[in-house]
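Let's take a walk through the inside of a protein model, with an eye on how its side chains sit together.

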Amino acid sequence: LRILRALRFSLLPGFRLYKSCVQAMRASTHLLPTVAVERIRQELLGALRLSSRIFELLSDFGLLETVLGLETGNLAALLLGEDLLEPGRLSGSVEHFAQEIEGEVSRAELLRLCLFCGEAAEDTLKRLKFSRRSQKLAATLNRQLLALENDTALDRLKRYRWLRDAGDCAPELLIAAHVLGRLPELDEIWSCYWNEFRVLRPLITGADLSGFDGPLVGRILKE
């Protein structure tokens, strides 16, 4: 565990690891799999709160697979995402991403991890024993990214359904889709989501169907 702790400390301003310490760390990386996953997760999150450079350090020490179960990650997507998470960049984003998704883990921290891990995010979160809620968010991002069509942003109905199916992680989905090059015009659709989508009523509710015969509704839904 001290290997991860030392990497975390190295991210602090003015902190530098001695050459002998680095050599000892590299010689002991094979011991990391014996450490409890919960403690590894704690150190990883602590380092990530300091800087996303922790992923570069893990890669340099050959620990990406041990810690995250990855051979490589998408650092470019992560850096683009961090830029979008800067205060004032997207309206309403600060309040949303400051929310805790699970104990002491914010939406911003989880999104950064998901952006780096990409399609493997859900497996990585399971590996590190994140909560089911966090794993569900990663699964939703993957599902909705696959569901994104070329004309989704332009077609009002498709856009509504796509955002609706993302649930409360729609802001994460918009950022992920943009940094992956799937949603070029982020500002416009972000504004649409924040100012229009969140206040829209569902396309249809139970009240709309209350005057119809039950079997008839069943046939309509089946068709």
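This is a predicted model: local features need pLDDT of at least 70, side-chain atom pairs count only at pLDDT 80 or more; totals for chains, interfaces and linings use all residues.

Residues are numbered from 1 along each chain as its sequence is written, and side-chain values use heavy atoms, with hydrogens and water left out.

Let's begin with the core. A nonpolar core here is a set of buried Ala, Val, Leu, Ile, Met, Phe, Trp, Tyr and Cys residues joined through side-chain atoms within 4.5 Å; buried means under 20% relative accessible area, exposed over 50%, and partly exposed in between, with a 1.4 Å probe and protein chains only. The largest such core has 68 residues, and F55, L58 and L68 have the most contacts inside it. Helix α8 gives the most to this core, with eight residues; helices (H or I, at least four residues) are DSSP runs numbered from the N terminus.

Stay with F55 for a moment. Leaving aside residues up to four places away in sequence, F55 touches L44, L48, L64, L68, L78, L113 and F116, where contact means heavy atoms within 4.5 Å.

Now for the rings. Rings of Phe, Tyr and Trp (its six-membered ring) pair if their centres lie within 6.5 Å; planes under 30 degrees apart count as stacked, over 60 as edge-to-face and the rest as tilted. By this rule there are four aromatic pairs. One of them joins F55 and F116, stacked at 4.0 Å centre to centre with 10° between the planes. This pair links distant parts of the chain, with F55 in helix α4 (residues 53–60) and F116 in helix α8 (residues 107–117), 61 residues apart. F55 is buried, at a relative accessible area of 1%, and F116 is buried too, at 3%.

Another stacked pair is W190 and W194, with 5.5 Å centre to centre and 5° between the planes. Both lie in helix α13, four residues apart, about one turn of the helix. W190, Y193 and W194 form one aromatic cluster.

Finally, look at helix α13 (residues 186–195) itself, whose buried residues are L186, I189, W190, C192, Y193 and W194. These buried residues pack against α6 (75–84), α7 (93–98), α11 (156–166) and α12 (170–179).

Technical notes: Helices (H or I, at least four residues) and strands (E, at least two) are DSSP runs, numbered from the N terminus.
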